[in-house]
Amino acid sequence: MDGTEVTLAGWAHEVRDLGGICFLVLRDREGLAQVTLVAKKVDRDLLEKVRHLSRESVLLVRGRVKQEAKAPRGYEIIPSQIEVLNVAASPLPMDPTGKVGADLDTRLDSRFIDLRRAPVLAVFRIEGEVLRSFREFFGENGFLEVCTPKVVATATEGGTALFPITYFEREAFLNQSPQLYKQMLMSAGLDRVFEIGPIFRAEEHDTRRHLNEAISIDVEVSFADEADVMALLEEAVAKAYRDVAERCEKDLVALGIDLTVPKTPFKRVTYTEALKIANDGRAVEIEWGDDLDTEAEKAVGSAIGEHYFMTEWPTAIKPYYTLPFEDRPEISRGFDLMHPSMELASGAQRVHDPDLLAEKIRRQGLDPDGFEFYLKAFRFGMPPHAGWGLGLGRVVLTMLGLENIRDAVLFPRDRRRLVP
Ligand code: ATP
Ligand code: MN
């Protein structure tokens with residue numbers, strides 16, 4: 001290492017001019033490197049160039065590596081050549097060293113600079129590892145990766161949450177979920193598919209866990225029931241934690257996180273049991289059949305204290321494609337994967353009987369005619385199947401204990417934010 005000639009490219013993180021000696025700290029995706037210029041030894045023009053560099057200018061540095069215990073990563077570079085590839089204007093829209101704090105809006109407005117800070121970059125390096133881990137899990141388990149359309153003619157679950165768009169002479173929508181398409185692929189005989197892609201929800205929510213565009217990790221499996229796909233889901237999530245713990249050590253340090261890998265199998269808690277926990281000591285009780293609100297989710301979450309599945313949901317509050325139990329049709333094979341602080345995924349064994357499905361679409365107040373392309377796939381040989389949809393942003397948000405889902409999305413889309 002000592003004495004090796006190297007070429008580094010990166011950003012001028014900091015210039016510290018002490019007169020006789022000048023330190024240029026160069027930053028790239030892996031971290032910081034110290035470039036040391038001793039006034040007496042170095043070329044005058046080179047020294048002047050560095051002294052007048054604006055912060056965050058892009059540089060190419062050639063030089064020799066020298067061991068130096070006091071420098072970051074234990075070495076410094078003695079430069080022979082420094083090329084300014086592009087000058088950064090000043091003042092900067094925000095401080096990339098993190099010494100001057102900035103609120104979330106300012107950070108998102110200048111996201112390209114915000115990402116130059118180690119703990120911010122760490123979140124997205126971990127997110128990249130989570131994606132890699134999921135794809136590896138799916139590969140190991142015989143899944144086929146598919147891409148379904150995002151521009152669609154029909155609402156998946158009713159019309160309120162849709163973004164309409166102009167599609168030539170017609171109205172179309174941005175898809176709120178790949179649900180209908182991944183189910184049709186079960187009729188096609190694809191057996192086990194997954195998709196990682198955007199979902200669009202036109203809800204006017206303003207919470208720390210909702211955005212109007214989110215990335216969903218979707219799975220559908222033929223000849224499977226809800227228990228089979230819950231087992232897949234918990235193993236995939238635990239593996240993602242394990243892989244991040246093993247492969248993202250430096251990023252976890254940058255974030256100050258000591259990651260605990262959740263143990264599988266996760267607890268199974270029925271909706272009815274959860275309701276009992278949530279209603280304990282609550283002023284206005286939630287009635288059986290109503291959805292759990294945020295307060296109830298929190299109460300159950302803190303009672304359980306770790307990831308868990310909520311199972312046996314009332315049929316009436318789950319989407320039409322959720323299969324009811326044959327002997328107790330008021331209860332369904334739908335489930336949610338919960339982190340103590342919020343929902344991470346929803347899934348179910350699906351209805352595969354076309355007549356029951358059409359009836360359930362009607363009962364949900366939707367017009368089966370609009371679903372003809374979907375129902376058709378059920379009339380000509382649809383196997384029993386099950387699946388789930390998991391929100392990527394929420395996995396990263398809960399794994400890293402971040403404040404807000406906006407911290408886990410590069411360029412979040414919410415009601416107020418469409419740029420950048
Ligand atoms: P919630 O009740 O929390 O609003 P949901 O039940 O409407 O979520 P689903 O339709 O079940 O959401 O979608 C499956 C998963 O996709 C959710 O569990 C969540 O992780 C993610 N997801 C759904 N909507 C959003 C959103 N608006 N922003 C971020 N993630 C979302
Ligand atoms: Mn859900």
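Surface patches are built here from residues with over 30% relative accessible area and no salt bridge, joining like charges within 9 Å and nonpolar side chains (Val, Leu, Ile, Met, Phe, Trp, Tyr) within 5 Å. By that rule D280, E285, E287, D290 and D291 form a negative surface patch. The model is predicted, so local features need pLDDT of at least 70 and side-chain atom pairs count only at pLDDT 80 or more, while totals for chains, interfaces and linings use all residues. Residues are numbered from 1 along each chain as its sequence is written, chains are lettered from A and ligands numbered from 1 in the order in which they are written, and side-chain values use heavy atoms, with hydrogens and water left out.

**Overall fold**

- The chain has 12 helices and 16 strands, where helices (H or I, at least four residues) and strands (E, at least two) are DSSP runs numbered from the N terminus.
- Along the principal axes, the C-alpha atoms of the chain fill a box of roughly 90 × 55 × 40 Å.
- Of the 420 residues in the chain, 49% are buried; buried means under 20% relative accessible area, exposed over 50%, and partly exposed in between (1.4 Å probe, protein chains only).

**Manganese site**

- E343 (OE) and S346 (OG) coordinate the manganese ion (ligand 2) at 2.1 to 2.3 Å.
- Donors are N, O and S atoms within 2.8 Å of the metal (3.2 Å for Na, K and Ca), and sites may look incomplete because water is not among the atoms.
- E343 is partly exposed at 24% relative accessible area, and S346 is partly exposed at 28%.

**Surface patches**

- The place of a charge is taken as CG of Asp, CD of Glu, NZ of Lys or CZ of Arg.
- V151, Y167 and F168 make a nonpolar surface patch of about 320 Å²; accessible areas come from the Shrake-Rupley method with a 1.4 Å probe, and for residues only the protein chains shown count as cover.
- F168 lies in the loop between β8 (163–167) and β9 (170–174) and counts as exposed at 65% relative accessibility.

**Salt bridges**

- A salt bridge is a side-chain nitrogen of Lys or Arg within 4 Å of a carboxyl oxygen of Asp or Glu, and the count by this rule is 42.
- E129 pairs with R132, the closest N and O atoms being 2.9 Å apart; the two are three residues apart in helix α4 (residues 118–140), so about one helical turn separates them.
- R132 counts as partly exposed at 27% relative accessibility, whereas E129 counts as buried at 7%.
- E129 also forms a salt bridge with R247, with 3.3 Å between the closest N and O atoms.
- E129 is in helix α4 and R247 in helix α6 (residues 226–247), so this pair ties together parts that are 118 residues apart in sequence.
- R247 is exposed, at 51% relative accessible area.
- K182 and E220 meet through their side chains in a salt bridge (3.5 Å, N to O).
- That pair links distant parts of the chain, with K182 in helix α5 (residues 179–187) and E220 in strand β11 (residues 213–222), 38 residues apart.
- K182 counts as buried at 2% relative accessibility, and E220 counts as buried at 0%.
- Salt bridges that share partners join E129, R132, E136, K239, D243 and R247 into one network.

Methods
Lys and Arg count as positive and Asp and Glu as negative; His and the chain ends are not counted.
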